[in-house]
Amino acid sequence: MTTESVNATDPMMILNIQSFLVGKFTRLPAAEGLVKDWDQFYGSYSRIIHRFSMACGMQDCDVEECSQEVWLAVVNGLSSFEHDPTRARFRSWLYRIVSNKAADLVRDRVKHAAVSPVSYTHLTLPTICSV
């Protein structure tokens, strides 16, 4: 994997990644250049997603789960992504996904904590012997 930074603002890079994903979804073999582009894209943006997750307040133990949710949304949403330099940058789109997924994870944690309180019914108290 290369350490070069990916220029996702390059419309050709976005088209290559979209083509790669279409090939994966349809189970067609990808051209070698598309595989290389995907590896570079994934390597660079995994680090960026990690940093964005931390900036959104994710704890270390939740960053991996957030990243997985983000990648799922990116893979599913990238096919409809249209690069428009007058509207927003790719990183802005990505940051919005990270921030939404981070908020979803926090909301789920709070909801599950409220719905599923810790039950102590399985514990037994020690019997106190009377003298």
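This briefing covers the salt bridges of the structure and one backbone feature in a loop. The model is predicted. It holds three salt bridges. A network of salt bridges links D62, E65 and R109, and D104 pairs with R107.

- R109 forms a salt bridge with D62, with the closest N and O atoms 2.8 Å apart. This pair links distant parts of the chain, since D62 belongs to helix α3 (residues 60-77) and R109 to helix α4 (residues 90-115), 47 residues apart.
- A salt bridge also joins the side chains of R109 and E65, at 3.1 Å from N to O. E65 lies in helix α3 and R109 in helix α4, so this pair ties together parts that are 44 residues apart in sequence.
- D62 counts as buried, at 14% relative accessibility.
- E65 is partly exposed, with a relative accessible area of 32%, and R109 also counts as partly exposed, at 39%.

**The pair within helix α4**

- The closest N and O atoms of the salt bridge between D104 and R107 are 2.5 Å apart.
- D104 and R107 are separated by about one helical turn because they stand three residues apart in helix α4.
- D104 is partly exposed, with a relative accessible area of 29%, whereas R107 counts as exposed at 51% relative accessibility.

**Backbone at R27**

- R27 lies in the loop between α1 (11-25) and α2 (32-55).
- The phi of R27 is near 60°, a positive value in a residue other than glycine. Most residues other than glycine have a negative phi.
- R27 is exposed, with a relative accessible area of 77%.

Note on methods: Residues numbered from 1 in each chain as written. Predicted model: local features only at pLDDT ≥ 70, side-chain atom pairs only at ≥ 80, totals over all residues. Heavy atoms only, no water. Helix = DSSP H or I, 4+ residues; strand = E, 2+ residues; numbered from the N terminus. Buried < 20%, exposed > 50% of the residue type's maximum accessible area, 1.4 Å probe, protein only. Salt bridge = Lys/Arg side-chain N within 4 Å of Asp/Glu carboxyl O.
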